[in-house]
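Here is a short report for a first look. Take a moment with the sequence and the 3D view before reading on.

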Amino acid sequence: MKLENKVTIITGAGSGIGKETALLFAKEGAKVVVADINEKSGGETLAEIKKNGGEGYFAKLDVSNREEIKQVIKDAVEKYGKIDVLINNAGIIQDALVLKMTEEQWDRVINVNLKGTFNCIQAVVEVMINQGNGVIINTSSIVGLNGNVGQVNYAAAKAGLIGMTKTLAKELGKKGIRVNAVAPGFIITPMTSNVPEKVLEAMKEKTPLRRLGKAEDIAYAYLYLASDEANFVNGAVLSVDGGLVI
Ligand code: NAP
């Protein structure tokens, strides 16, 4: 097992990529804190982990709420004595063309995707510094690398995460903490469920591997970056997109 006893907090673990990651990490021996704003889906992820014989618990968390995050980190340390891995996977979209985008849409997407990640990192870093080790993985996107019409808020957040990842890789490396990002391509999850068939087909055509991504494609990238096999990987942005962004 690649993650034996590694205590891992996964935000947005109730659905899509986060859920697949929680299941994979539990299978690989991690103790998984299933952190999600959605109690129902988070509870379902946890139930599946338990059914498969894995270890973990559900923590209700809105990543834009700094008090809730502090509590989640405190509880995890109280329960398991350490935090080895934080995966900042929670994310949302609220799309609109620039002239139509409301301030609320801008603020919410920045608050969850960008500031939410900062909030979680700031809360966990003290624990990891005291341990002398830790792994932080942020979730960017091809949209953060290339931009996308109708997603100025999301693109800004996901591009911002790349700057945050590189800065913290420099700041925290000497403390034994690795900080990396994954930039998923187009992945079939509830987040992308409303995309019209025509757009999906066009996306496939543009992708050198001629398929869309699955949640497990990203879960395996998170697994690699979290594992000791990646212990010299720091400040990287790993594209997992079938070659869409080359
Ligand atoms: P998803 O299926 O919508 O799952 C996201 C999960 O995060 C949901 O359980 C959601 O709860 C939860 N969540 C939303 N707001 C939250 C908050 N404030 N605090 C904590 N949890 C919150 O999305 P996904 O496709 O798996 O995406 C996972 C990550 O990958 C996101 O960061 C996304 O931006 C990124 N990504 C996805 C794709 C893609 O093509 N799918 C591509 C590039 C990057 P609710 O269900 O209640 O909203």
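How many nonpolar, polar and charged residues does the shell around the ligand have? The model behind the answer is a predicted one.

## The shell around the ligand

The shell has 13 nonpolar residues, 12 polar ones and 4 charged ones. In total, 29 residues surround the ligand. The closest are S15, I17, D36, Y154 and T189.

Helices take part too. α1 (16-27) supplies at least two residues of this shell, and so do α4 (103-131) and α6 (152-172).

## Polar contacts and cover

T189, one of the closest residues, places a polar side-chain atom 2.5 Å from an oxygen atom of the ligand. Backbone atoms contribute as well. A polar backbone atom of V63 is 3.0 Å from a ligand nitrogen atom. For L61, a polar backbone atom lies 3.3 Å from a nitrogen atom of the ligand. On its own, the ligand has 880 Å² of accessible area, and the protein covers 88% of it.

## A loop residue: A236

Now turn to A236. This residue sits in the loop between α8 (215-226) and β9 (237-240).

Leaving out residues up to four places away in sequence, A236 touches T165, V179, N180 and A181. V182 is 54 residues from A236 along the chain, yet their C-alpha atoms are 8.1 Å apart.

Definitions and conventions:
Residues numbered from 1 in each chain as written. Predicted model: local features only at pLDDT ≥ 70, side-chain atom pairs only at ≥ 80, totals over all residues. Heavy atoms only, no water. Near = heavy atom within 4 Å. Polar contact = N/O pair within 3.5 Å; in protein donor to acceptor, adjacent residues only side chain to side chain. Areas by Shrake-Rupley, 256 points an atom, 1.4 Å probe, with all protein chains shown as cover. Helix = DSSP H or I, 4+ residues; strand = E, 2+ residues; numbered from the N terminus. Nonpolar A, V, L, I, M, F, W, Y, C, P; charged D, E, K, R; others polar. Contact = heavy atoms within 4.5 Å.
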